[in-house]
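Here is a short briefing on one protein model.

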Amino acid sequence: FLTGRLLSVIFGVLTVWATYLVGKKFYGGRTGLLSALFLSVLPVHIVYSQYLSMNVPGLFWIVLAFVFFKNILDRGEKKDYIFAGISIGLAISTRYSAGPLFLILILAHLLGKGRKQAGLLIFGLAAIPISFLVTTPYAILDFHNFLKGLQSPMAVAGMSGFNFSVIPVLSSLQEGFGTILLIVCICGIIFTIFNRKKDDLLILGWIFVLFVFFIRAGSSATSGRILPIVPFLVILGAHLIDFLWAKKTILGKSATAILFISMVPCIIAFWQIRIEPDIRDVASEWIEKNIFPNSSIGLLVESSTLSPGIIDKKYRHPEVQDLPNYKFVPLAKNNWASECGYDRLGELGDACPTYIIVSNAEIASLNETDFFNELKNRYGYEEIKKIEKKFAIAGISIRKQIPPMLTVPDYVLIFKKTK
């Protein structure tokens, strides 16, 4: 587990380095440096660089491919095509959603110096399946399940349906970037379109292709799934800041300072989460010490990442040893896995659970103002413990500036039936 997470961290750092290289090759050293700096403090990149998943490792190979795409434009040597193909194959092997990268290889060839030599493009395209199959041999050895596994990313990309929607994509981008940096990056796209050169078409083309898939995916285009577009938006935003810097140094410095200041709340909150005890762990310790084994615990929704860890672990892995043997009682009448509620309390009667444990996220999803009064006056529950996490800078709350992908509850409440 720790090794896997460390691998994501390493690839996260490598992606920052690769973003610097791409920014430098396309637009100069200052753009490269600004791109790397912005990406290194970007909420979506920080968050996913700590998870044991293929999101960030796949992102590294995608960004690295653009280093070789630029080489194809500038000199068009055989090795550039081969390295570009290998990078694409590794990117697809790591995350299938990198598949459209081959289109950018073709575009780089058509715009580059070697465009009259079709053999060079063949070398590059041939390197894609070779590197993919070397690193994903079960695509052949277990072809049936490989095809089955493709169904999920195809559905997410909107290939198996049509869920055209721009709003969820913008919402995911805003969550991952923050409002101010997202606006700068969008302005960077507009600036690059109006001042475009041949090189710009590669980055703009990739952004366009991904936007098409994301818009088709609609609400499935979550913050983690939009990662392949993130470094390139950052590069174009940095390109715009670099232009302002060149026009007037004070403009560039001011814009850079404003962007970093806008990210401070998320950075501080992230470090608070990592350095201070997680309230889910604090709640778990309290539960284990104060709630006896075999006690019944009511849950408004199926145990999740927002629940105290001891509950989630016991619910999902009851065979794990050395955990108190609690009985979990679903309180939602309908689909407990997706709907939050406590309407079963009226039906349970004497079988009502002794305890009810909820987080603020579950209470918010109820969309009720009288939840606490109902529990106390109608069902006879009293709050016995509140474990709370406050995100603040010098006493000023920054909770609203923290993106939802930092899935940490503000508080966990524990109620006990007293009547």
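**Helix α15**

The 12 residues of α15 should span 16 Å at 1.5 Å a residue, and its end C-alpha atoms are 16 Å apart, which agrees. The expected span is 1.5 Å times one less than the number of residues. Helices (H or I, at least four residues) and strands (E, at least two) are DSSP runs, numbered from the N terminus.

This is a predicted model: local features need pLDDT of at least 70, side-chain atom pairs count only at pLDDT 80 or more, and totals for chains, interfaces and linings use all residues. Residues are numbered from 1 along each chain as its sequence is written, and side-chain values use heavy atoms, without hydrogens and water.

**Buried face of α15**
- Ile279, Arg280, Ala283, Ser284, Trp286 and Ile287 are the buried residues of α15 (buried is under 20% relative accessible area, exposed over 50%, partly exposed in between; 1.4 Å probe, protein chains only).
- Seen down the axis of α15, these residues fall within an arc of 165 degrees, so they line one face of the helix.
- The arc is that of the directions from the helix axis to the C-beta atoms.

**Nonpolar cores**
- A nonpolar core joins buried Ala, Val, Leu, Ile, Met, Phe, Trp, Tyr and Cys residues through side-chain atoms within 4.5 Å.
- The largest core has 78 residues; Phe66, Phe69, Leu101 and Phe177 touch the most other members.
- Helix α4 (residues 55–74) gives the largest share of this core, 13 residues.
- A second, separate core of 18 residues includes Leu348, Cys352, Tyr411 and Leu413.

**Loop residue Asn294**
- Asn294 lies in the loop between α15 (279–290) and β1 (296–299).
- Its phi is near 75 degrees, a positive value in a residue other than glycine.
- Most residues other than glycine have a negative phi.
- Asn294 is exposed, with a relative accessible area of 59%.
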